[in-house]
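Subject: Structure for your review

Dear colleague,

Please find below the structure that I am handing over to you.

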Amino acid sequence: MDRQIAFPGDPGFASFYPGSVVMVSAVDAAGKADICTVGAWALVNGAPRLFGIAMCTTTHGASYWKRYTTTCIDETGEFVINIPDLSLRDAWMACGSVSLVREPEADKFALSGLTPAVAAVVNAPLIAECPVSIECRVHSRLALPTHDWIVGEPVAVHTADRVASGDLTLTWENAPALSES
Ligand SMILES: Cc1cc2nc3c(=O)[nH]c(=O)nc-3n(C[C@H](O)[C@H](O)[C@H](O)COP(=O)(O)O)c2cc1C
């Protein structure tokens, strides 16, 4: 079998796409809401169900700095994993392109055209347009060089009627694809 092999530091070494994306919403201690697009996430445990999100904590090169959403999670111990459908691509790209670290006055909901909704348990807002929202409290955390793997335990799950009725099925085919651009 023909293969290429790359080592750390080689061009292309770090490309492990495609994946799917979620939008993580959280609030800081003062109640300011933020949304961070996250491509590195997964269901990581069965009983109880636990979800992991990789949140940048460290400045490294041009792409890595501590996300303001990470600060929100640090301050409150809560976050919401909002699963978008493909129609929300512009919104997740907007939330993934603007950081409250660099633009502290920005309103991520307003600039992305998304609507905050009151959660059932946590103080962080849901994103109303997302067909699934999973309210989480921090269960545990693994510190890695640039990102922390933050494990959340769901305390409430919201599922849109169009998912429950079968009109929208969240399969790989209609999952939000994460491209390298
Ligand atoms: C498609 C996409 C996927 C991303 N995945 C992650 C990720 O897994 N973890 C992370 O920390 N940042 C990720 N980012 C970057 C953040 O979303 C981005 O830096 C955002 O502006 C942070 O906003 P905040 O500082 O207000 O929280 C991603 C961005 C995009 C566009």
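This is a predicted model: local features need pLDDT of at least 70, side-chain atom pairs count only at pLDDT 80 or more; totals for chains, interfaces and linings use all residues.

Seven strands form an open sheet in the order β2-β1-β5-β8-β9-β4-β3, and their pairing is antiparallel. At its edges lie β2 and β3, each of which pairs on one side only. From one strand to the next, the twist averages 35°. Within this sheet, β8 and strand β9 (residues 147-159) run antiparallel and are joined by eleven bridges. E135 has A156 of β9 standing opposite.

The helix. The sheet also carries α1, which packs on it and touches β1 (22-27), β2, β4, β5 (78-83), β8 and β9. The direction of α1 makes about 50° with that of β1. As for the pairing itself, strands of a sheet pair through backbone hydrogen bonds, in either a parallel or an antiparallel manner.

Residue R141. This arginine belongs to strand β8, which spans residues 132-143. Leaving aside residues up to four places away in sequence, R141 touches D148, W149, I150 and V151. R141 and I53 are 88 residues apart along the chain, and their C-alpha atoms are separated by 9.6 Å.

The cis peptide bond. The bond that leads from A47 to P48 is cis, its omega being near 0°. P48 is located in the loop between β3 (41-45) and β4.

Which residues come nearest to the ligand? Of the 22 residues around the ligand, they are C56, R67, T69, G96 and S99. Two or more residues of this shell come from each of the elements β2 (33-38), β4 (50-56) and α1 (68-76). The most is given by β2, which supplies four residues. Sorted by class, the shell consists of 13 nonpolar, seven polar and two charged residues.

To draw two of these points together: β2 is an edge strand of the sheet, and β2 also gives the most to the shell around the ligand.

With kind regards

Definitions and conventions: Residues are numbered from 1 along each chain as its sequence is written. A residue is near a molecule or strand if its C-beta atom, placed from the backbone, lies within 6 Å of it. Ala, Val, Leu, Ile, Met, Phe, Trp, Tyr, Cys and Pro count as nonpolar, Asp, Glu, Lys and Arg as charged, and the others, Gly among them, as polar. Two residues are in contact if their C-beta atoms, placed from the backbone, lie within 7 Å. Two strands pair if DSSP finds at least two bridges between them. Axes are lines fitted to C-alpha atoms, for helices over the stretch in contact, and angles run from 0 to 180 degrees between N-to-C directions.
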